[in-house]
Amino acid sequence: MNTLTAIPTAAPEAQIGVRAGPPLRAYLQEARAEVLKVWRQPAFLYPTLAFPSLFYLLFGVLMARGASSGETARYMLATYAVFGAMGPALFGFGVGIAEERSNGLLDLKRVLPLPPLSYLFAKAAMAMVFAVMVGLLLLTLATTVGGVRLSALSIAAYFLVLGLGALPFAALGLMIGCLLRAQAAVAVVQLVYLPLAFLGGLVFPIFLMPKLMQTIAAFLPSFHFGQLNLWAVGSISGFPLRSFLALSAFALLFLFLAARAYKRTEN
Amino acid sequence: MSLPASPPRAGAELLSLSGVRKRFAQTEALRGLDLTLHTGEVLALLGPNGAGKTTAVRALLGLTRVDAGQIRVLGSAPGSFAARLGQGVMLQVGALPDQLTVRDQLRLASSYYAEPASIDSLARDCELDGQLDRRYEALSGGQKRRAQFALALVGNPRLLILDEPTSALDVGARSSFWAAIRRRVAAGMGVLLTTHDLAEAEAVAHRVLVMAQGRALGSGTPAEVRARIDGSVVHFRTSLDATALAALPGADQVLLDQGRASVHTRAPEQLLRAALAADATLNDLEVIRPRLEDAVERWLKEAA
């Protein structure tokens, strides 16, 4: 039996220095796995991509015939893309974390030597990838059937806003997912998502809403996300600095609360 | 013969728990647990459900914070990066993402290590050939368990921690599972496993630590532990009296209630031969192997 210890590759001495892999590779693999997980879940993927597209076709393109149809299609492109970007961030993060907490995957992650934060980073990357994907679908519809023309700079701003703007909602999802069990998380995310979208002026333009609703909207992160994207596509002129600051503040607040909730799930 | 050779005595210490206590709201899950594990050693934590085995595993993995006591894993704090790098883990409940293929999962885990095991050799070792490109959700229960096992081995761990590892495996899968472990143990890996199946502990462990009510009831080689807890209870109707019953060869403990005898024994055949010879009217015979729960409970009573 003792002669077996002579096998060079497996001698304990040779294994004492087990080293971690390059962090970048782990981050990329983790993000890849996270995107694949969502991509291969049709029940989640199809509605995430289809609903914003259908809504946009219906309200932004088909019902917006007339003199200002191009402007409407442009405006709705911005707000429906934001609506679409919020979904994967809230659901993917919120429901995903809640499920992985209860089925033991999060525990397994905690006993493996993955780089700190790579698991959360991967989920954030997933939210950004799907935000950009929804954005690309809507942009294709807008430019083909909606008659919208955007400059290259506008398109870049549009994707940048969608990708980064999804992050505060990812943090909100993380918080929900850490506080609630899977079933409850689904329900709460639904309860948060649709009101945020409607009251934030993402489904129907904010200027068509009563004054009171407009006042409420100013307190919602979804409204400010929408304003930033309206600026990106050129529906509002002048950078909405106030919305930028407000969304950044929401991002920090949600991140702080999410970090506390995540910490609480340890032990 | 499946009994393993005794472990190298001078192996380095991989794992130590001393005086570990953990209290949950209602119950005291661990009350002063001590154990150590050395390189090349397989230690089985054996105990009935609720003995504290899983709490002990979660504590040494850093998943559960303990109230008191010392834990060192590979010379580091439980849950520290150094500990996580050198340990391989299979949790009792440890679902992997359904949508990822076995290869996806192994490739992801490989990225955590500078020199991971090759995916193909893991697949061979864990009998996952042909399953690598199937999604986790499409695997059978046993295949899922084997995928989790492969994942635990990706980093060539020096310390393997297995919580109820073979609960979903059939007999054939178990033997190849233990064969894969034995090869690595021969090369110096240390293994801590929990089980409530004495036969399983006997098949692989050098040492068995019997847990009950949050602490170590005793430990020894599998043979020693079997001798301690593995008895039978023989029930029958007899005209013999208690003294005659107690004098039967192999009788450890006798209960007689209105002609109905219950005799604890570690040698039921020997005892029965004598009992049948002594009492021609003996009838209503039943031989029962006690469940681990009962054996441990008896041990607890004797210890008290």
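## A bent helix in chain A

Helix α3 of chain A, residues 42-62, bends by about 30 degrees at A:Tyr56. The bend at a residue is the angle between axes fitted to the seven residues ending there and the seven starting there. Helices (H or I, at least four residues) and strands (E, at least two) are DSSP runs, numbered from the N terminus. This is a predicted model, in which local features need pLDDT of at least 70 and side-chain atom pairs count only at pLDDT 80 or more, while totals for chains, interfaces and linings use all residues. Residues are numbered from 1 along each chain as its sequence is written, and chains are lettered from A and ligands numbered from 1 in the order in which they are written.

The buried residues of α3(A) are A:Phe44, A:Thr48, A:Pro52, A:Tyr56, A:Gly60 and A:Val61. A residue is buried if 20 or more other C-beta atoms lie within 10 Å of its own, exposed if 12 or fewer, and partly exposed in between, with C-beta atoms placed from the backbone. An α-helix has 3.6 residues a turn, so residues three or four places apart point the same way. The cover over the buried residues of α3(A) includes α2 (23-39), α4 and α6 of chain A.

## Two packed helices

Helix α4 (residues 69-102) and helix α6 (residues 118-144) of chain A pack at an angle of about 155 degrees, and their axes are 8 Å apart. α4(A) is therefore roughly antiparallel to α6(A). Axes are lines fitted to C-alpha atoms, for helices over the stretch in contact, and angles run from 0 to 180 degrees between N-to-C directions. Angles under 35 degrees count as roughly parallel, over 145 as roughly antiparallel, 65 to 115 as roughly perpendicular and the rest as oblique.

Residues of α4(A) that meet α6(A) include A:Ala73, A:Gly84 and A:Phe93. On the α6(A) side, A:Met126, A:Phe130 and A:Leu138 are among them. By class, this contact has 16 nonpolar, 4 polar and 1 charged residues. Ala, Val, Leu, Ile, Met, Phe, Trp, Tyr, Cys and Pro count as nonpolar, Asp, Glu, Lys and Arg as charged, and the others, Gly among them, as polar.

## The two chains

Chain A has 11 helices and 0 strands. Its C-alpha trace spans about 90 × 35 × 35 Å along the principal axes, and 44% of its 267 residues are buried. Chain B has 11 helices and 13 strands. Its C-alpha atoms fill a box of roughly 70 × 45 × 40 Å along the principal axes, and 49% of its 304 residues are buried.

## Where the chains touch

In all, 33 residues of chain B are in contact with 32 residues of chain A; two residues are in contact if their C-beta atoms, placed from the backbone, lie within 7 Å. Helices α2 (81-86) and α3 (102-110) of chain B each supply at least two residues of the side that touches chain A. That side of chain B has 19 nonpolar, 9 polar and 5 charged residues.

## Positive phi in chain B

Most residues other than glycine have a negative phi. B:Glu127 has a positive phi of about 55 degrees although it is not a glycine. B:Glu127 lies in the loop between α4 (119-125) and α5 (141-153) of chain B, and counts as partly exposed because it has 18 C-beta neighbours inside 10 Å.

B:Gln258, also not a glycine, has a positive phi of about 50 degrees. The loop between β11 (251-257) and β12 (260-265) of chain B holds B:Gln258. With 5 C-beta neighbours inside 10 Å, B:Gln258 counts as exposed.
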